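Have the model open while you read, and follow along residue by residue.

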Amino acid sequence: MVPLTLKLQNFLAYQEAELDFRGFHLAVLIGENGAGKSTLLDAITWALWGRARVNSDDALIHLGFTDMEVEYTFGLQGNTHRVIRKRSKKGRGRSDLSLQVESGNGWHILTESNIKATQTKINQLMRLDYETFINSVFLLQGRADEFTTKSPGERKKILCDILGLSVYEIYEGRAKKRANESDKQVTIVEAKIKQIEEELTHQLQYQTELVASEQDVEKLSQQLQVVEKEQQELYEQHRAISDKQRQLNELRSRLGHDETNLAHMRETIAALQTKIKQYQTILGQESQIEQGLTELKQAQELVVDWERRLLEMSGLQNQRHALERELDAAKAKIEADLRGVTTTVNHLSPKVANIDAQQTQLAELEIQVNDLKILEQERTIQQNKYTELDKEIARLDEQRKKFEHEGKELKAKLAELQKAGSHCPVCKTPLNERHRAEAAAQFEHDIETKRADYQIIQKHEKELGKQKTVLKSDLDESSQKLIPLTQLQSRIAMLKQSLNEAQQATVQLAESQTQQIALKNQLVQQTFAQTTRAELGEVQNVLAALNYHREAHQQAKVTVQKLAHFEAKERTLGEVKQRLPEETANFEKEQNRLNRLEEQTATDRQKIAELEKETGQLPILSQRLAKANGEVAQWQRDERIARDKVAAAKQRLSYLVTLSNRRTEHEQELQKARYELGIYRELQVAFGKKGVQALLIESAIPEIELEANQLLGRMTDGRMNLRFETHREAKTGDNVIETLDIRIADELGTRDYDLFSGGEAFRINFAIRVAISKVLARRAGAQLQTLIIDEGFSSQDGAGRERMVEAINIIQHDFQKVIVITHLDELKDAFQTRIEVQKMEGGSRVTVR
């Protein structure tokens, strides 16, 4: 995540404020205590997670107001996102959260149906939550030790979240779900196999039932044959009389039908007579119909002509609309290009405008550096001189000690001489008083000479000591003056890089301004899309020449509608001419049919009387046949029941064969389910906290430890180092406990974190947190490309602050954006860009310098 812009409205110390992060890489956020420095970072965390240093949202609203809003725009994975979070304490209070992503057509809404769902989407997008954020790249004021002071379990949880290991918890859950499903499948299949085995125990019973049922079927089939023979004889007699009864019924039905037909025929003949008269009337209107058809045809031709013109006009209008859209699209493209070029000009102009100021500042800094380098050369000369003095003093000291030793030896010899008898204590020669006096005088002369030499050397040594003291003072003073040299050289390098970028921006700005003027001229002079404009003019000329009149077109349609009935009359006239001969023939045909049907009905009445006498015995015979049918049906039912029992027994035996085959299939299915259950149980353990997650944390710990120690060593001149312990022995037994303890050591040995001073503790926390952030940046888990350090410098002495600044300058290139927050004025010049916060009467104000 790289911050781009931050807009505040009525948020804590700010009524209205906007901060643009895009113009700098490393900056110091500075201001007095209580001015609202940390509030800017609270606004970021509140916008992203709805969390800040206070628990109540309403407490974040600027005093005297009821509504607040934070709009935060940031870059992530090549996309630009914007989060807008609002809060109102009117009534019962109301909150609102919006998530957007920038596309080619503007801002695209990603907001879900409710705040909770939208927050979940933001967490997924960021790949971390608030707690993980403030334990990695955001060293929050008063909570720099957030990671260090947490329990080992909580530290592991934070590292899991930061390293994106939550996905393995999802895999573990899936593996557990699959394992439970496989376990259920094993239970189900085992139950099915047990049920099949219980069913197979009835095989002998089903075979016995089959044999008994087959014997019953044999007996019932023999008896059924006897009663079916008697039934057949009665059926033959009944069928013969029934055939005559059927003939009688058919004749009666036909007679009734024929009588109905006679009535219909008489009605049809009368209708035909009426229709023939109507046809003859229509034939008399033929000339009137032809005149109406002529007028209708003329009106239809006129409608066709107007329809043709309308069709051509519609096509031309569509063409005109298309050309107008092309013209609008060309204009919109030029306007879009103009907006893009204008944005580039606005973005590059501030960089170009600062070239002179930066060159002036660079010249001033180079003068300071040159002066310091001259001082550094002078200090080298002084240092060499100091070394020579030190050597000379040491040589004189050795010589002085030598003279002192020799003087002591001479005094000892003189004392021995004075105590000696007749022989010299040195050369052992005979010694008289004259020789004794001469020797004593020589010893005393030598002693005085040594004393004089000793005093000369001692005086010279004191003079050199004074020179050394003065020179040491000069060296200390030079060293103090040379402290800013490294910082100035770093600032010069950054200024040169910035000037190089600004000079490149000058060329790009000139090109963009030229392009901007050209685009504006095209819009003003309308010189774009000339071909489209020409085509549009031609289409408009053709439309004018077409001369289409809607009223005349409509009037022609009305005329056609008024005369349209003549087409129907024409069709009717044609049908009449065609149908009149047919209807006349039908009339004669129907009259002949009527005569034949009247003769047929007379014959049928005579035949009916004869059949009624022959079918008188049918009711008695029907009763006997019904009784025989009942007996046959009963025997058939008994036989069918017996056969059903045979079929059921065979079916049950066949089903047992199927169950046996199915048991084999289920046994194979059970083996597969048990295999899958074992696989998923293993995966559940592998994806758990003691599996892959523990291995990944173990692999990340040495990398974090190395980064932390490198940074801690820079800040403490190699005095301090730390190590992470992931296992320790239990107090009882031989078990090993998984943990994440932090062991810290310095020149005094390994001590608990609580025993280090505030400044030392902050350096430890800073090193660990930055190490975590750098490892994350390399592993690209959560996209942490920004480092924010809120206070901590006040706990450091002068040397500690310098080392902190040096450490920040060293790690700055590992992040796209680094922001340091402090209230110490002496740190203003340590960083090129300053974000200054001032507490004003109407709310705090933020300015980038």
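Buried means under 20% relative accessible area, exposed means over 50%, and partly exposed is anything in between (1.4 Å probe, protein chains only). With that in hand, Glu 112 is partly exposed, at a relative accessible area of 34%. Before going further, keep in mind that this is a predicted model, where local features need pLDDT of at least 70, side-chain atom pairs count only at pLDDT 80 or more, and totals for chains, interfaces and linings use all residues. Residues are numbered from 1 along each chain as its sequence is written, and side-chain values use heavy atoms, with hydrogens and water left out.

**Salt bridges**

Side chains of opposite charge can pair when their charged atoms come close. Here a salt bridge is a side-chain nitrogen of Lys or Arg within 4 Å of a carboxyl oxygen of Asp or Glu, and by this rule the count comes to 32. Three of these pairs are set out below.

| Pair | N to O distance |
|---|---|
| Arg 82 and Glu 71 | 3.8 Å |
| Lys 121 and Glu 112 | 2.6 Å |
| Arg 643 and Glu 639 | 3.0 Å |

Take the Arg 82 and Glu 71 salt bridge. Arg 82 sits in strand β5 (residues 79-88) and Glu 71 in strand β4 (residues 67-76), so this pair ties together parts that are 11 residues apart in sequence. Helices (H or I, at least four residues) and strands (E, at least two) are DSSP runs, numbered from the N terminus. Arg 82 counts as buried at 16% relative accessibility, and Glu 71 counts as buried at 15%.

Back at Glu 112, its partner Lys 121 is partly exposed, at 27% relative accessibility.

How many residues apart are Arg 643 and Glu 639 in helix α14? They are 4 residues apart, about one turn of that helix (residues 618-687). Arg 643 is partly exposed, with a relative accessible area of 43%, while Glu 639 is buried at 12%. Elsewhere, salt bridges that share partners link Asp 305, Arg 308, Arg 309 and Glu 312 into one network.

**A bent helix**

Helix α13 (residues 565-614) bends by about 40° at Arg 579, and Pro 581 follows within four residues. That bend is the angle between axes fitted to the seven residues ending at a residue and the seven starting there. Buried residues in α13 include Phe 566, Leu 573, Val 576, Leu 580, Glu 583, Glu 590 and Asp 604. Among the elements covering the buried residues of α13 are α6 (203-283), α7 (286-353) and α12 (550-563).

**Cavities**

A cavity is a set of points, on a 1 Å grid over the protein atoms alone, where a 1.4 Å probe fits but cannot get out; its lining residues have an atom within 4 Å of a point. Grid points are joined across faces, edges and corners, and a volume is the space filled by probe spheres set on the points. Searching the whole structure turns up 2 cavities of 30 Å³ or more.

The largest cavity holds about 50 Å³ of space. Its lining includes Leu 6, Phe 21, Leu 40, Ile 44 and Ile 835, and helix α1 (residues 37-49) gives the most to that lining, with 3 residues.

The second largest cavity has a volume of about 30 Å³. Glu 707, Gln 710, Arg 714 and Lys 774 are among the residues lining the second largest cavity. The largest share of that lining, 4 residues, comes from α15.

Technical notes:
Contact means heavy atoms within 4.5 Å. On a 1 Å grid over the protein atoms alone, a cavity is a set of points where a 1.4 Å probe fits but cannot get out, and a pocket is an open set with protein on both sides within 12 Å along at least five of seven lines; lining residues have an atom within 4 Å of a point.
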